Amino acid sequence: MTGATEKRKLFSVAIKSDAYQKLINSTLGDKAVAQKFVAEISSVVSQNPALQKCEPGSILSAGLLAQTLRLPLASSLGFAYIVPYKDKAQFQVGYKGFVQLAMRSEKIVAIDVKEVHEGEYKGMDEDGEDIVEFAGHKYDDKPVVGYRAYFKTTNGFKKSLYRTVGQIKAHGRRYSRTFGNPDGLWAKNFDMMAKKTVLKEMLSKWAPLSVEMETAVKADQAAIRNDGSYDYVDNPEGNEADVSPTRTTVVNTIAPDPEAKAESEAGEGKGELPFEDVPVAPFEDVPVAPFEDVPVAPFEDVPVAPFEDVPVAPPEDAGPKAG
């Protein structure tokens, strides 16, 4: 019996054990939902030989989190994934999953992320905001040079974020050890991972986060421990949402990224720095007038008529008494 077969049988046995069944039923709270979940996660594992080698507990934890967030695990849908890394299973949210969670919050009325082709990026306006002009299908035959994400809230607030292909690749190298893996998501579906990267950064910085969205942002790319804490096994620096710069407009042309030299020479990401390395002024450097410097008229200076000066009609003038 091979090691892979042993692991495969281990998960198939674990998922049917009393302990796992009790955990699944108590977490999901509905027998029909629990049965559907067991069938779905069993199918996901059976189709991925690398996932079959992972610890059953990490697989189940990732699957239960996806289920509680109401994100289906079928890879063809692109909402959420269980991704193997060595002997651990990671939970990952697809860009469609972030869109779904954002719309579900009822605070966001519009959200999208698109490829930006050569010729559609027009530079920056006077406020440092990127200008992207989509012209129908005019530039569809041109190479993709970046990605732009956008959202609008119910109160009218709007925000967009543009990242170049070079910046996104530098981000992937920094925050994912599987970036260069030919069997990984970055290699198999760069477009999907690029859209997710830009969308996640934008939402985590500027969007109103629901409880579900905050959970998804924190748990993304993590193996979930038995105590519910997150182990970013594939990310040497932890969750990128925790180490990204504060909410600010970022200029895309600061300095060249040494890791992206090959892309720079090919015309991708030339003269760019990965967005998480852009220096941001600390909050304390913003001058703020102290509260005590604001002139306020003292209360005693406000003229108030004394109570005894207010004319009051004597009781006898109030009219005839009843009875």
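# Reading a predicted protein model

Student: At 17% relative accessibility, does Val-38 count as buried or exposed?

Tutor: Buried means under 20% relative accessible area, exposed means over 50%, and partly exposed lies in between, with a 1.4 Å probe and protein chains only. Val-38, at 17%, therefore counts as buried. This is a predicted model in which local features need pLDDT of at least 70 and side-chain atom pairs count only at pLDDT 80 or more, while totals for chains, interfaces and linings use all residues. Residues are numbered from 1 along each chain as its sequence is written, and side-chain values use heavy atoms, with hydrogens and water left out.

Student: Where is Val-38 placed, and which residues is it in contact with beyond four places in sequence?

Tutor: Helices (H or I, at least four residues) and strands (E, at least two) are DSSP runs, numbered from the N terminus. Val-38 belongs to helix H3, residues 31–46. Contact means heavy atoms within 4.5 Å. Leaving aside neighbours within four places in sequence, Val-38 is in contact with Ile-15, Gln-21 and Ile-24. Its C-alpha atom is separated by 9.3 Å from that of Leu-60, which is 22 residues away along the chain.

Student: What does pLDDT say about the protein as a whole?

Tutor: pLDDT is the predictor's confidence in each residue, from 0 to 100. The mean for the protein is 78, and 70% of its residues reach 70 or more. Over residues 243–302 the value is below 50, although the model gives this stretch 73 contacts beyond near neighbours in sequence.

Student: Which residues touch the most other members of the largest nonpolar core?

Tutor: A nonpolar core is a set of buried Ala, Val, Leu, Ile, Met, Phe, Trp, Tyr and Cys residues joined through side-chain atoms within 4.5 Å. The largest one here has 60 residues, and Ile-24, Ile-59, Phe-91, Leu-199 and Leu-203 touch the most other members. Helix H8, residues 190–206, gives the most to this core, with eight residues. Not counting residues up to four places away in sequence, the residues touched by Ile-24 include Ile-15, Phe-37, Val-38 and Leu-64.

Student: How is the span of helix H8 read?

Tutor: The expected span of a helix is 1.5 Å times one less than its number of residues. H8 has 17 residues and reaches 24 Å from its first C-alpha to its last, close to the 24 Å expected. Of those 17 residues, 15 are buried, so H8 is largely enclosed by the rest of the structure.

Student: How many bridges join E1 to E2?

Tutor: Two strands pair if DSSP finds at least two bridges between them. E1 and E2 are joined by six bridges and run antiparallel. Tyr-81 stands opposite Gln-92 in E2. The two strands form a hairpin with two residues between them. E2, residues 88–93, is mostly covered, with five of its six residues buried.

Student: Which residues have a positive phi although they are not glycine?

Tutor: Most residues other than glycine have a negative phi. Arg-70, with a positive phi of about 60 degrees, is in the loop between helix H4 (56–68) and E1. Arg-70 is exposed, with a relative accessible area of 53%. Gln-221 has a positive phi of about 70 degrees and sits in the loop between helix H9 (211–219) and strand E8 (223–224). At 7% relative accessibility, Gln-221 is buried. Lys-86, in the turn of the E1 and E2 hairpin, also has a positive phi, of about 55 degrees.
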